[in-house]
Amino acid sequence: MAVHEHPHRSPGFHLPSFRRNRAASTSESAVSASTDTHTLRAYSFASLRLLTGFVFLWAFLDKTFGFGYATPSGKGWIDGGSPTKGFLSGVAAGPMESTFHSWAGDTWADWLFMAGLLGIGLALIGGIALRLAAVAGTAMMALMWVAEWPPAKHLSDGTASMSTNPFADYHLVYAVVLIALALAAAGDTLGVGKLWAKLPVVRDHGWLR
């Protein structure tokens, strides 16, 4: 009579169990890596948000008080200077050249421009109303792009424009950054975006997010 012997399994070592543990360990590692990547992405967007916010806020402060950087000391907005006159009156190319010249130094243009810089800067620093900031910032950057008109090889007086690129310049980069920050909800990290989103008015009107 043939006897089929079944080997005794040692209670100390189970190959199938080892494979399950290894699979579980791999899964946990994947989850951990995904979490780390998400965290790094969140902090990267938050850092970009804060830096961009400082660019806008600093522009507002320098133009208001004349810190001696882009705006000479004693020629700030509080000293009677115009935040838009120098830039808009210097437009020398593009389809809106005469229009920008007519706007240069107008009270409404100064207030609208400065309110935009302050509002966008504060929104980015705080991480709130990023969608509004993206819309306002994109509109502002679009107008400034038209004012500088990179496609032009020559200015209206015939001199070389010295444009470095016929399309992509820093205004477009800022606009894309603002849109990306809004889409990524970048205010939730290193900001008060989550608290802002819980406000009843913000919950009821998603465009305020």
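**Stop 1: two packed helices**

Select residues 107-126, helix 4, and residues 130-148, helix 5. These two helices pack at an angle of about 140°, and their axes are 9 Å apart. Keep in mind that you are looking at a predicted model. How do helix 4 and helix 5 lie to each other? An angle over 145 degrees would count as roughly antiparallel. The angle here is about 140°, so helix 4 and helix 5 are oblique to each other. Their crossing is left-handed.

Now show the side chains at the contact. From helix 4, pick Phe113, Gly116, Leu117, Ile120, Ala123 and Leu124. From helix 5, pick Leu130, Ala133, Ala136, Gly137 and Met140. Colour them by type. Nine residues of this contact are nonpolar, two are polar and none is charged.

**Stop 2**

Next, look for aromatic rings. The structure holds 11 aromatic pairs. Select Phe56 and Tyr174, which form one of them. The pair is edge-to-face, with 6.2 Å from centre to centre and 65° between the planes. What does this pair tie together? Phe56 lies in helix 1 (residues 15-65) and Tyr174 in helix 6 (residues 170-183), so the pair joins parts 118 residues apart in sequence.

Is Phe56 buried or exposed? Phe56 has 3% relative accessibility, so it counts as buried. Tyr174 has 25% relative accessibility, so Tyr174 counts as partly exposed.

**Stop 3**

Move to Phe100 and Trp103. They form an edge-to-face aromatic pair, 5.6 Å centre to centre, with 80° between the planes. Where do they lie? Both are in helix 3 (residues 97-103). They sit three residues apart, about one turn of the helix.

Check the surface again. Phe100 has a relative accessible area of 3%, so Phe100 is buried. Trp103 counts as partly exposed, at 26% relative accessibility.

**Stop 2: a cluster of rings**

Select Phe54, Trp58, Phe65, Phe67 and Tyr69 together. Ring pairs link these residues into a cluster.

Zoom in on Phe67. It is in the loop between helix 1 and helix 2, which spans residues 85-89. Its relative accessible area is 39%, so Phe67 is partly exposed.

Methods:
Residues numbered from 1 in each chain as written. Predicted model: local features only at pLDDT ≥ 70, side-chain atom pairs only at ≥ 80, totals over all residues. Heavy atoms only, no water. Axes fitted to C-alpha atoms, helices over the stretch in contact; angles between N-to-C directions. Helix = DSSP H or I, 4+ residues; strand = E, 2+ residues; numbered from the N terminus. Parallel < 35°, antiparallel > 145°, perpendicular 65-115°, else oblique. Left-handed = near helix turned anticlockwise from the far one by under 90°. Contact = heavy atoms within 4.5 Å. Nonpolar A, V, L, I, M, F, W, Y, C, P; charged D, E, K, R; others polar. Phe/Tyr/Trp six-rings, centres within 6.5 Å; stacked < 30°, edge-to-face > 60°. Buried < 20%, exposed > 50% of the residue type's maximum accessible area, 1.4 Å probe, protein only.
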